[in-house]
Amino acid sequence: ATNVILQGYQRENRFRHSDGAYSAFGENGWGSHNSGGGCLWLTSFVVKSFCKAKSTGLIAVDDDQICESLHWIAAKQQRDGSFVDNGCLHHKEMMGGAHTTYSHTAYICLGLMEL
């Protein structure tokens, strides 16, 4: 189990951007896919997953990377407290099919509450 968690952590870090965000194809894209910047939903999901992996004590997770990602997420919060979908999620069914600012904000806030 430890190897699987470690491999997942290492693999996901290939999609990390220099500003702390994550996207489906990484900072430089992949093939014909241009990244266009980090994905807010995916970054919050990755942070939550990395924190859970760290809590197992089975692998070392870089705290600085988690903090950079959290700062990136915080910078995306709107004045009214919401988080606007930046349109980068290719499989919206991963969010339960809801595609509103409210559902996007709820998903991100609930994920952060689990940290």
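At what angle do helix H2 and helix H4 pack, and how far apart are their axes? The views below start with the whole chain and then come to that pair.

**View 1. The protein chain has four helices and zero strands.** This is a predicted model, where local features need pLDDT of at least 70 and side-chain atom pairs count only at pLDDT 80 or more, while totals for chains, interfaces and linings use all residues. Residues are numbered from 1 along each chain as its sequence is written, and side-chain values use heavy atoms, with hydrogens and water left out. Starting at the N terminus, the elements run α-α-α-α. Helices (H or I, at least four residues) and strands (E, at least two) are DSSP runs, numbered from the N terminus. Of the 115 residues, 34% are buried, meaning under 20% relative accessible area with a 1.4 Å probe, protein chains only. The chain exposes about 7,000 Å², and carbon and sulfur atoms supply 54% of that; the area comes from the Shrake-Rupley method with a 1.4 Å probe.

**View 2. Here H2 meets H4.** Helix H2 (residues 40–56) and helix H4 (residues 101–113) pack at about 20°, with axes 9 Å apart. Axes are lines fitted to C-alpha atoms over the stretch in contact, and angles run from 0 to 180 degrees between N-to-C directions. The two helices are therefore roughly parallel (angles under 35 degrees; over 145 is roughly antiparallel). Leu40, Trp41, Ser44, Phe45 and Lys48 of H2 make the contact with His104, Tyr107, Ile108 and Gly111 of H4, where contact means heavy atoms within 4.5 Å. Sorted by class, that's five nonpolar, three polar and one charged residues. Ala, Val, Leu, Ile, Met, Phe, Trp, Tyr, Cys and Pro count as nonpolar, Asp, Glu, Lys and Arg as charged, and the others, Gly among them, as polar.

**View 3. Here H2 meets H3.** H2 and H3 pack at about 150°, with their axes 10 Å apart, so this pair is roughly antiparallel. From H2, the contact takes in Leu40, Thr43, Ser44, Val47, Phe50, Cys51 and Lys54; from H3, Asp63, Ile66, Ser69, Leu70, Trp72 and Ile73. The class tally reads eight nonpolar, three polar and two charged residues.

**View 4. Zoom in on Gln65, a residue of helix H3 (residues 63–75).** Gln65 is buried, at a relative accessible area of 18%. Leaving aside residues up to four places away in sequence, Gln65 touches Tyr9, Asn13, Arg16 and Tyr22.

Definitions and conventions:
Parallel < 35°, antiparallel > 145°, perpendicular 65-115°, else oblique. Buried < 20%, exposed > 50% of the residue type's maximum accessible area, 1.4 Å probe, protein only.
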